[in-house]
Amino acid sequence: MAVHVVKHGENLWGIANKYRVNMQTLINLNGLTTTSLVPGLALYAPDNLLPIRTYRIKKGDQLNLLSQKFNTELSYILSMNPNVHPQQLSIGQIINIPSPIKLEITTLGFIFPSSISSITPILTSLSKQLTYLAIVAYSFREQGNAYNLTDDTAIIETCHKLNIRPLLMIRNLMSEQFSADLVGDVLGNAAYRQNLVTSIVNLTRERGFSGVSIDFEFIPPEHRNDFITFLSALKNSLGNLLLHVNVHAKAADLPTNRIVGAYNYAAIGEIADYMTVMTIDYGYPGGPPDPVAPIWWVEQVISYAVSQMNPAKLQIAMALYGYDKAVTNNQTRALSVQSSQNQAITTGSTIQFDQTAYSPWYRYFQNAQERIVWFEDIRSYIAKYRLIDLYGIAGATYWQISLSAPQNWAFVQRNINVSKI
């Protein structure tokens, strides 16, 4: 598929004609609610070109051998890389390879339980694009007993029908907030820690989950080793059920940092089946207007993580949302990617694209107040999938799938094979 960035004076009819598709196809693929456009809007359009793989040259590589490996023509590789000389390849050089052999990844979506009538259409539409679904519905008490926050029986059953593997997602919530004290006190007490392991495993087996997704945030750094002891015991008790661990993103080990200090990537990577670095919220709620997931930062985090663990166990987080912030006080409103895009259209805002962050943004005014919106679009998603390919990591997670992001899912469907383990 092609990416078309709208220029001044262009209209949807003309763009549809250029790509020889009907307007409704463009509307559906891009989640448009009107035929109006604004300059800078990135549209995803169908074409008949091969998917593009991203590859880093290694010692001994030759383009003719790479053409065989990727089942493609040497001429296609040369046309895609006009500055590459076949006899002058450099180790570490990055090239793009048109190939019918698609990138294969595992994917995990997060969802909060709600009415099954509203969730079923989402799961049905994404069933071929999700390996796992982590159901965000569990926490634990002061003595480590895990419990269910919301009934999720129907969602679990629907997952099994659609060949999506459901995971019990548990967080250290107290009064609807992440609690450092709660998780620290439980991890630091051997009896409470075992209670947590036992109760999680019991709930996982009783409710028919395929595994567990851990999201413990703000773990006090002094409990770094306790967290590893907990994860090891949990994985041993889960047996062949999956253990997935979410960790805050970092580009170096900072063992005393209150946010990332408790995460020993190397040790977690040894224990868990998958570890996801939360490469989202670089620009965070309440903070200054910044990109949600600038590509340079995402690559720094990946580069550090793969130096600590097996890349085949590593996933990165993808944001299906944007942040709309008041410039004066950083008051923040979250929007789905689709709503972020369409708000630019309804407010008549030209969309800018930051080449360093590789992220779109725009400015508008509401009640004389300046607001800035950073979000993701097809360009920023493609860049992140190319990093997944380049570093050979396992795949991606999506926070969270009830937030509409049609361009992302269209790209996955067209260019990626999602593993259905």
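Predicted model: local features only at pLDDT ≥ 70, side-chain atom pairs only at ≥ 80, totals over all residues.
I started at the interface of domain 1 and domain 3, where the rule (side-chain nitrogen of Lys or Arg within 4 Å of a carboxyl oxygen of Asp or Glu) finds zero salt bridges. By class, the domain 1 side that touches domain 3 has 10 nonpolar, seven polar and no charged residues; here Ala, Val, Leu, Ile, Met, Phe, Trp, Tyr, Cys and Pro count as nonpolar, Asp, Glu, Lys and Arg as charged, and the others, Gly among them, as polar.

Numbering runs from 1 along each chain as its sequence is written, and side-chain values use heavy atoms, without hydrogens and water.

I then looked up the area buried between domain 1 and domain 3 (accessible area, 1.4 Å probe, lost on putting the two parts together, summed over both). I got about 1,400 Å², with 64% from carbon and sulfur atoms. Val-38, Ala-42 and Tyr-44 supply 36% of what domain 1 buries there, more than any other three residues.

Next I went through the salt bridges, and the count comes to 13. Arg-53 meets Asp-389 at 2.7 Å, N to O, and these two sit 336 residues apart. Both Arg-53 and Asp-389 are buried (under 20% relative accessible area; exposed is over 50%, partly exposed in between, 1.4 Å probe, protein chains only).

I also checked Arg-207 with Asp-151, at 3.5 Å, N to O. Arg-207 is partly exposed at 25%, and Asp-151 is exposed at 55%. Asp-152 joins these two in a network of salt bridges.

How values were computed. Helix = DSSP H or I, 4+ residues; strand = E, 2+ residues; numbered from the N terminus.
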